[in-house]
Amino acid sequence: MNIDPAITADPEADRQGPFRHVVRVALLMAATAAFLLWSLRHSEAVLRDGPRSIEAARSLDAGDWRDGLGTVEPPLHPLAIVAAHRLIGGEGPEWWQRAAVAASFAAMTLLVLPLYLTGRELFGDRAAWLGCVLFLANPLAASVVVNVLSESTFLAVWTWSLWASLRFLRRGSFGWLALGVGCGGLAYLARPEGLLLPASLLATLLLVPLRGAARIHWPRWRLAAALLTLGPLAMAGPYMAATGAIAIRPGPARVLGLAPSSPPLALEREAPADPSLTAVEVHAAAAARVVAVVLTVVSPVLLAAALLAAAGARGWGLPPRTWLFLGVLLTTYGVALVRLHATAGYCAARNALAPGMVLTLLAAGGLDLLMRRASVPGRLVGFPGERLKPGPAVWAVAIGLLVLAPRFRGPVVSTPGPFNVYWDAGRWLADSAGDGGILDLTDWSLYFSRRSGAGFAHVREAAADPDARWIVATAAQVDEPSTFADEVRALIGGRAPVALLPARPAPGQVQIRIYDRSAVPAAAVAGAALETGRR
């Protein structure tokens, strides 16, 4: 590969040796761990993916690989939960939940190292630690741990793949390419979108010959393209063969066109689909939704800083193929997210964490550029012919506001833990629920109760099941509009809840309501009382 020696130099000369980087990474890891611990104390789980990963982990731990691999959860995150559980021990659902928290906590803390290396590879030392602070202080990063999501394991290995890919594009060593492909394959085993990074790198190599400044020597180009084609297949092939599909999750399968679009009232949809919309209108609405989601991951201020970094591309000393790769990667993720919303009807902030990380690193570069170049004309403050540059204190306040601003979007609650309300609901079901079927729309409550029953995915089947007696749902699932709200309200039938956990929730706190369908509806009780009064 033809590399300019000036470009291969590090973004910033490392005059003090690697020790300062070790100290920085250690401090960033400590700060990340402290922030995650604080978030676990002041947040509650609101997503239902955790029990699926835990059940897959329990199957794998018991040696039942068929059931463990047969779920919609790829195996890497459940295997991380298995490893955490064997370290901390304990039996019962509570200990498996703690293991899931520990696995996600460790993955997000260890994410600091590849994230720092990636930021340093792109924009140098100052942008490296700034990018870590801006991304890991985002409440969305903490929500991944609070909800024990597979994004924690995914981001940890995906970022290693991103860093190795950038090193390959700068230095041309096939060792870095092999590392990037290997970590990309592991990212696929955490979430199906892990293959988008190797695919973007391959697309970059295919586009490189069209741009003279980014060209690669032909024999090495062919070898790199072959490795990027065969490597991911070697990593992902056995899992694909075991599951019989490229993407076992319905959403990614729909994105790839391997499954039809979800029905208009599918449970996973954020809102009922309008069948009168054309394909163009559907994709336009999806694009608008993706923009809104990205802006929840990366604030408008940081997005503007990212555009500033891209505008000054020539000043960073990065090879043109690196910028081409970043553009292809962000475009690929953007198209995939638009397809996800257009075909599956949903696109949440968690789905945009990977491209959001890239944009945050770009924003760190843009802020670093401002730090180095920003100054105020002296005449504005009475010093003709001079310019005043903001000092460290000014930048510390500005960056502090960027870090704290996302925390002001919602109320902060103080809880014993993110799953305490589900523990309470599980105990109530175990101790107080009598005979009859249980439908748990939270999935967590039934998991902690150790009783059999149906989860959220079976809400419509439960509506037709006369044996479904106990209905467990959050207040939001009962009160807010959704594609399943009519079924839930029909199941409740106007009955008052027999249990409210907690009875008086604080703002932003999850409340679980438990209903007994064998009870007389409140309207019927009121009607009977009125009739008795007339008599």
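How many helices and strands does the secondary structure of the protein chain come to? I count 25 helices and six strands. Helices (H or I, at least four residues) and strands (E, at least two) are DSSP runs, numbered from the N terminus.

I note the ground rules. This is a predicted model, where local features need pLDDT of at least 70 and side-chain atom pairs count only at pLDDT 80 or more, while totals for chains, interfaces and linings use all residues. Residues are numbered from 1 along each chain as its sequence is written, and side-chain values use heavy atoms, with hydrogens and water left out.

**Whole chain.** I looked up burial next. Of the 535 residues in the protein chain, 49% are buried. Buried means under 20% relative accessible area, exposed over 50%, and partly exposed in between (1.4 Å probe, protein chains only). Then I checked contacts, meaning heavy atoms within 4.5 Å. Among contacts with a separation of 6 or more, 74% are between residues 24 or more positions apart.

**Helix H18.** This helix runs over residues 353-373. From first C-alpha to last, its 21 residues reach 30 Å, close to the 30 Å expected. The expected span is 1.5 Å times one less than the number of residues. H18 is mostly covered, with 18 of 21 residues buried. I picked out Met-371, which lies in H18 and is buried at 10% relative accessibility.

Two packed helices are described by the angle between their axes and the distance between the axes. Axes are lines fitted to C-alpha atoms, for helices over the stretch in contact, and angles run from 0 to 180 degrees between N-to-C directions. Angles under 35 degrees count as roughly parallel, over 145 as roughly antiparallel, 65 to 115 as roughly perpendicular and the rest as oblique.

I took H10 (residues 151-171) against H18 to begin with. Their axes come within 10 Å and cross at roughly 45°, so the pair is oblique. The crossing is right-handed. A crossing is left-handed if the near helix is turned anticlockwise from the far one by less than a right angle, and right-handed if clockwise. Residues of H10 in this contact include Phe-154 and Trp-158, and those of H18 include Leu-353 and Met-357.

Then I turned to H6 (residues 93-110). The axes of H6 and H10 come within 8 Å and cross at roughly 30°, so these two are roughly parallel. H6 passes H10 in a left-handed crossing. Ser-104, Ala-107 and Met-108 of H6 meet Ser-152, Thr-153 and Ala-156 of H10.

Which residues did I flag? Val-148 has a positive phi of about 45° although it is not a glycine. Val-148 sits in the loop between H9 and H10 and is buried, at 1% relative accessible area. Arg-450 is not a glycine either, and its phi is positive at about 65°. Arg-450 lies in the loop between helix H21 (444-449) and helix H22 (459-463), and counts as exposed at 59% relative accessibility. Finally, I found a cis peptide bond joining Leu-501 and Pro-502, with omega about -10°. Pro-502 belongs to the loop between strand E5 (499-501) and strand E6 (512-516).
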